[in-house]
Every structure is written in C-alpha cells, then in structure tokens.
Amino acid sequence: MRVNDKEFDVVVAGCGAAGLSAAVAAAQAGARVAVIERATREERGGQSRYTEAYLRMKSHTEVSDDFETHLAENGSGSVDPELVAEAATEVAHRPALVRALSIADPNVIERLAGSAGDTIAWLEQMGVRFDFLPTQFLTKAQPRLLPVGGGRALVEALAARAESLGVDFFYETTASALVQADDGSVTGLKVTGRGNARFVLRGEVVLACGGFEGNAEMMTRYIGPRSVHLRPVCKGGYYNRGEGIRMALDIGAAACGDFGSYHAEPVDPRSGVAEPSIFIFPYGVLVNLDGERFTDEAPGTVDAHYERVTRRIYEQREGTAWVVLDAKHQRIPNYRLGIRTDQPPVVADSLDALAAKIGVPAERLAATIERYNQACVPGTSRPLELDGLATRGLSPPKSNWAVALDEAPFHAYPIISANVFTFGGLKVDESARVVNGDGDAIPGLYAAGETAGLYYGNYTGATSVLKGLVFGRIAGTLSAGRRAGAR
C-alpha cells in the first residue's frame with residue numbers, strides 16, 4: 001500500500017440517503033467505514049438533501065398495494081417475452097444472458113417491497129419521525145409517507161449517526177476509478193481530494209453517488225442533444241456526474257434502467273428554489289411558444305400523469321410551455337398546493353395582453369382558447385376529484401376539468417421539464433451486489449440509490465428515496481460482513 005493510501009473495510013461513494021444508509025449499516029456491523037462526498041460538509045446529501053422524500057407506503061410497515069405491480073409494469077423496454085418469463089424463474093435456473101438482462105429483476109422489486117417496513121423502523125431508531133403529510137396534489141393521491149423535515153432530516157439523522165459510529169468523511173473528494181485485484185474483485189477506490197491530492201481508499205466499495213443529471217456530456221450522449229433544455233430539479237443534482245456508473249461499466253458491470261430517460265417534473269424555469277413545481281396545469285390549458293395546445297392536460301389525477309404530460313412539454317420548442325388559467329382557478333380549495341414556485345404568475349386582463357407578456361403570438365393564442373372554449377360542454381366541475389368533464393370534438397382532448405377560460409384576469413406560468421434523476425445505472429441483484437455481463441456478482445462491489453438502475457418508461461412515484469434507503473442499508477450490512485469474514 002502506498003504512503004497516501006488509506007485502509008478501511010468499506011468505502012462508500014456518495015453522501016445522500018443511499019450512501020449514508022450504507023455507511024451507518026456497515027459501521028453498526030463493526031466495519032471501519034469511509035464516505036467520500038463531492039460537496040462540502042454544509043451541502044452534503046446530494047439530491048436527498050433537497051427532496052421532500054415521499055415514500056410510496058400505506059403505513060409505517062407496508063408499501064402501497066400497487067407498489068410491486070407498477071414497478072414490474074414499468075420494468076423494461078421491448079424485450080423478448082421468453083426472456084422476461086425466464087427472468088421470473090429462480091435465480092439458479094436463469095442463464096447468464098437473463099441474469100445480466102437490462103430489466104428490473106423481480107427479486108430486486110420483491111426485496112425492496114419486503115424490506116421497506118424494517119428500514120423505516122431502523123430510521124425511527126435514529127430519531128427520524130414519519131407521518132402522512134399533505135402532498136402537492138389537489139386531487140386524492142396514492143398514500144405518501146414522509147419523513148418530517150423531508151430529505152434533509154434523513155441526511156442529518158443518518159450523518160449524525162455515522163459520525164457517532166466513527167465513520168470517516170472525505171468532503172470535496174471525487175471518485176475516479178475502481179481498484180481491482182488480479183482475480184477481478186474490487187478492493188478499493190481511486191479518489192481525488194482537495195488540492196488535487198490523489199490517493200486510494202481500500203476496502204469493499206459501495207457506489208451510491210447518484211445518476212448523471214449533472215453531467216452535460218453524458219446527458220447529451222444518452223438522452224440526446226435536446227437535453228440542453230433540461231436542468232436538475234435542485235442544486236444537489238449538479239453534483240451527480242455519473243462517475244460511479246462509468247467506472248463500474250469500465251470493469252464490465254451490466255447496465256440496467258433506461259439510459260435514454262429520466263424522471264420528469266414540471267417546474268418554473270424562472271425559479272431557483274428546489275423543486276419549484278407547477279402542478280396546477282390540469283385546471284387550464286398548456287400552450288407551446290407558438291400558442292398551440294399539444295397534449296391532454298388532464299388525462300387523470302395529476303400524481304399519476306404529471307410525468308407523461310411533462311415529457312410532452314419537453315418535446316416542444318425550447319422545451320417550454322405555458323399553462324394559461326382564468327380567474328376561476330383561484331376559487332379551487334387550496335389551489336396554491338399545486339404551485340410550488342416562488343415566482344408570481346404573469347397576469348393580464350385580456351388574452352391579447354397576456355400573449356404580449358408571455359411572448360406567444362396573440363392571434364394563435366386567442367384562436368387556441370376559442371377552440372378550447374367551444375369544445376367545453378355544460379356540466380359541473382368537481383376540481384378535487386376526477387369529474388369526467390371532457391371536451392367534445394377537440395384534438396388533443398382534455399379529459400377532465402374542461403371548463404371554459406373566459407373570466408379575467410388571466411394567469412400564466414412557464415413550465416419546463418426538470419430532470420429529477422436519470423434512469424440508467426448498474427444492474428444489481430437483491431443483495432445490492434453489482435453484476436457483470438455474465439450476470440455474476442462482482443466481488444467487493446455494490447450499488448444503491450440512482451447509481452443502481454431500475455426504472456423504465458413511467459416512474460413509479462415515491463420509490464426513489466425508499467430504494468436508496470433499503471438497498472443502501474443492505475449493501476452496507478453485506479459489505480461489512482464480507483470484509484469481516486476476510487480478516
């Protein structure tokens with residue numbers, strides 16, 4: 001070992017919910033643990049620090065009824081059905097091709113669902129409190145358990161416990177490559193610290209350093225050149241540059257998750273606060289920069305459909321749309337719950353004046369609203385539930401809450417698609433072990449959080465933080481035990 005190298009049992013890359021869970025679990029198991037974090041101590045936590053950390057659970061001990069089904073239904077792209085069927089068999093009977101297949105492993109989904117309750121209880125032992133708190137959605141949504149204080153409360157509680165257990169933190173430090181023994185097992189992590197200091201942290205490695213939403217080159221390579229119109233949903237996302245994914249792929253790790261996609265959230269581009277979401281759009285119309293509608297604004301409840309609508313916004317010129325509302329939206333009970341931006345709406349007494357303020361062609365906007373208003377039919381709108389009040393003879397249609405926009409003043413908010421996190425990552429098994437191209441676990445290497453790929457298509461809401469917590473804890477416990485057995 002070189003003079004500057006440091007010896008540990010477990011080395012964790014990343015200081016968010018997944019990485020800290022791994023660090024605490026490993027330290028509780030008696031391991032000597034190091035955590036590296038690109039940010040300063042004050043900004044540690046990555047995405048986790050800024051999220052509200054919704055958890056898709058119907059109680060403190062059980063996940064929601066549709067949890068496993070939704071993940072499975074959005075667990076792959078177009079895959080040979082025979083391979084999908086083989087992926088559901090016992091692991092011992094799966095051929096190598098299937099073990100390494102880019103598909104959500106049923107065993108991983110089952111482990112996530114089955115370990116959620118124990119993980120919540122574990123966090124409660126550290127002083128984290130959970131409750132069913134109001135969501136950002138006006139309509140009745142799936143149950144959402146939240147840590148009181150959001151993701152920041154999770155980060156601070158886990159970090160405090162890690163510090164009390166003697167975990168070493170290396171802030172403003174970045175991983176660059178994995179170290180391997182002659183037999184291919186991972187034995188450490190090459191890092192660069194303050195002042196360009198380069199050294200190796202030796203031990204089992206847990207990669208929990210997020211996706212690649214903060215890496216413009218990887219975003220362009222995988223998601224495409226239009227990704228210039230995307231931005232991370234919060235400051236923490238800029239720290240996530242994909243090194244963990246890249247370095248594991250470089251040594252032959254299998255990939256999983258949709259590398260060409262991401263979790264989309266509608267936000268106000270004028271705002272710099274974390275998650276300045278705009279969820280009020282089902283009660284108005286969405287128009288692009290040409291003043292034209294382009295999607296059904298209300299195909300269902302906003303919690304279930306906002307991601308699909310936001311992807312359509314991303315497809316528009318400059319990745320931008322405006323939601324146009326009239327005065328009636330202000331009479332919806334608690335309507336401000338659907339508006340998280342700190343920026344005021346653009347307000348005008350006429351559509352022509354509004355068009356001038358938001359920079360869309362006045363004639364086209366007026367024609368768009370006129371067509372929409374004419375397609376609205378008589379009926380009573382029930383804004384807090386699916387009311388089926390739909391347009392007639394309009395393309396694209398509006399399936400719910402189709403009420404004419406005819407009462408001044410008119411309001412508008414700009415919306416872009418934020419990148420909450422990228423979907424592409426590493427293939428792991430139910431024990432959070434990274435597998436190689438033959439589907440075999442790479443000894444000494446684990447992944448958790450968004451470094452481990454799972455999602456395809458439509459994101460299963462309120463599972464990301466939970467996935468990080470559950471598999472971070474699993475990775476920490478297993479890596480510590482393996483290291484202890486080697487001593």
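Predicted model: local features only at pLDDT ≥ 70, side-chain atom pairs only at ≥ 80, totals over all residues.
1. Strand β18 covers residues 441-447, and five of its seven residues are buried, so that the strand can be described as mostly covered, taking buried to mean under 20% relative accessible area.

2. On one pairing, strand β8, which spans residues 198-207, is joined to β18 by three bridges, and the two strands run parallel. Within this pairing, L207 stands opposite A447 of β18.

3. Strand β18 also pairs with strand β17, residues 433-435, through two bridges, but here the strands run antiparallel. The bridge partner of R433 in β18 is Y446. Five residues lie between the strands of the hairpin that β17 and β18 form, and in that hairpin G439 takes a positive phi near 80°.

4. Turning to the helices, α1 (residues 17-28) packs with α7 (residues 150-164) at an angle of about 30°, the axes being 9 Å apart. Because angles under 35 degrees count as roughly parallel, α1 and α7 are therefore described as roughly parallel to each other. The crossing of these two helices, α1 and α7, is left-handed.

5. The residues that make this contact are A17, L20, S21, V24 and Q28 on the side of α1, which meet V155, L158, A159, R161 and A162 on the side of α7. Sorted by class, the contact of α1 with α7 comprises seven nonpolar residues, two polar residues and one charged residue.

Notes:
Residues numbered from 1 in each chain as written. Heavy atoms only, no water. Buried < 20%, exposed > 50% of the residue type's maximum accessible area, 1.4 Å probe, protein only. Helix = DSSP H or I, 4+ residues; strand = E, 2+ residues; numbered from the N terminus. Pairing = 2+ DSSP bridges. Axes fitted to C-alpha atoms, helices over the stretch in contact; angles between N-to-C directions. Parallel < 35°, antiparallel > 145°, perpendicular 65-115°, else oblique. Left-handed = near helix turned anticlockwise from the far one by under 90°. Contact = heavy atoms within 4.5 Å. Nonpolar A, V, L, I, M, F, W, Y, C, P; charged D, E, K, R; others polar.
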